[in-house]
Amino acid sequence: MITDIINKKRLGKELSYRELDLFFNGYLSGEVKDYQMSSLLMAICINGMTDEEVFSLTKIFIDSGDTLDLSFLPGVVVDKHSTGGIGDKTTMVIAPIVASLGIPMLKMSGRGLGYTGGTIDKLESIPGYRVDLSEEEIIHQVQTIDVVITGQTASLAPMDKMIYALRDVTGTVSSIPLIAVSIMSKKIAGGADKILIDIKYGNGALLPTKKDAEELSSLMKKIGKIYQKDVHTIISDMNTPLGYCVGNSLEVMEVLDILKGKELDTNLTKLCITLASELVQMAKGGLIQDAQDMVMEAISSGKAYDKFLELIKAQGGNIDDLSVSKKYKYIKAEKSGTVDKISAIGVGELSMLLGAGRKTKEDSIDYSVGVKLYVQVGDKVKKGDILAKIYYNKAPRLREFKDIFEIK
Ligand code: URA
């Protein structure tokens with residue numbers, strides 16, 4: 001029966017709810033083995049899924065755990081998710097901005113596999129910051145200070161945790177239907193009324209093209225409709241790293257700068273303002289321009305910065321102890337001209353080599369290392385100017401990374 005289901009998908013036929021349920025819940029109980037699930041996931045990757053299959057699988061993932069009831073929170077509860085990218089620290093910027101405007105932000109984030117840690121790893125670079133809050137602690141904190149950023153509780157869509165770990169090591173991460181099921185099941189189980197998804201495409205993203213991102217967007221909206229969730233999407237470019245810093249502690253430092261009102265014209269800050277304004281409009285209604293004015297005021301008044309410090313303190317972190325490695329090297333321009341390209345994947349691979357990310361779930365992360373860019377695309381540079389500062393503990397061979405920058 002198990003092999004019949006694999007064969008059916010291999011031939012590109014539609015699986016019924018019953019077949020998917022049997023297979024995926026069989027995996028959860030240990031009856032279906034890793035190699036059988038890997039085989040089915042690869043068949044899905046190659047042959048895709050019908051909308052009906054996606055809806056069935058999303059339900060199976062949601063039903064594998066609990067669904068949070070957030071109806072005790074006042075007003076519209078919003079949530080935000082990103083499909084991930086190099087230097088993506090948007091959650092840490094947006095959550096305090098939105099919360100400082102009185103909109104509750106209960107954000108459960110993941111650890112990262114890949115070039116840098118996920119949001120949770122980045123926050124853990126702040127000594128003492130706890131990411132394992134219980135459901136009671138989460139609820140208490142969101143009721144008292146409007147903002148929580150913690151790890152996902154074990155009871156929320158546990159099926160996704162198991163399947164994602166397997167997808168990661170079987171080359172089946174970049175399947176559009178599987179990404180839609182993974183993200184939407186967690187978001188729906190998370191209990192928000194309205195969901196904003198930042199879908200990224202490009203060489204540093206899961207999806208290579210804008211067309212792929214649009215396809216994922218449409219699928220996610222269809223899933224949202226079934227659960228009466230208002231799903232908004234923003235499609236953004238991930239060919240260039242987001243902002244100046246890639247690496248865990250470094251990224252928290254960049255967030256502090258942005259919330260202090262510095263670095264307001266980077267690609268990162270522009271995206272954060274777009275996402276935060278969209279969330280404010282989703283929660284409060286009104287015009288997008290009014291929402292954006294509120295976001296800018298939250299930054300310029302220092303309210304968002306204070307909210308970030310309040311969040312860190314509430315979760316046990318000590319921001320004064322945040323640090324980066326004392327060892328560093330520079331990458332310098334080999335000629336004069338205009339910076340035409342900064343490869344997101346190139347910076348990602350370098351930060352991985354430095355130890356800022358993990359290849360397997362068991363790897364540990366070096367929070368203190370990473371890459372700080374000194375230039376953005378379009379900047380004019382002279383030969384010998386510093387392009388990036390590389391913080392390391394084990395000296396990297398930088399010659400291999402000289403193609404990160406293209407100067408024309
Ligand atoms: N993020 C997720 O949570 N799941 C995916 O499948 C891809 C990105």
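Reader: In which strand is V246 found?

Author: V246 lies in strand β6 (residues 245–246), a strand being a DSSP run of E with at least two residues, and a helix one of H or I with at least four, both numbered from the N terminus. The model is predicted, so local features need pLDDT of at least 70 and side-chain atom pairs pLDDT 80 or more, while totals for chains, interfaces and linings use all residues. Residues are numbered from 1 along each chain as its sequence is written, and side-chain values use heavy atoms, without hydrogens and water.

Reader: Why does V246 count as buried?

Author: Buried means under 20% relative accessible area, exposed over 50% and partly exposed in between (1.4 Å probe, protein chains only). V246 has 0% relative accessibility and therefore counts as buried.

Reader: What makes α5 and α14 roughly perpendicular to each other?

Author: The axes of α5 (residues 90–100) and α14 (residues 303–314) cross at roughly 110° and come within 8 Å. Axes are lines fitted to C-alpha atoms, for helices over the stretch in contact, with angles from 0 to 180 degrees between N-to-C directions. Angles under 35 degrees count as roughly parallel, over 145 as roughly antiparallel, 65 to 115 as roughly perpendicular and the rest as oblique. The two helices, α5 and α14, are therefore roughly perpendicular.

Reader: Which residues of α14 make the contact?

Author: K303, A304, K307 and F308 of α14 meet M92, P96, I97, A99 and S100 of α5, contact meaning heavy atoms within 4.5 Å.

Reader: Which residues of α10 are buried?

Author: The buried residues of α10 are D212, A213, L216, S217, L219, M220, I223 and G224.
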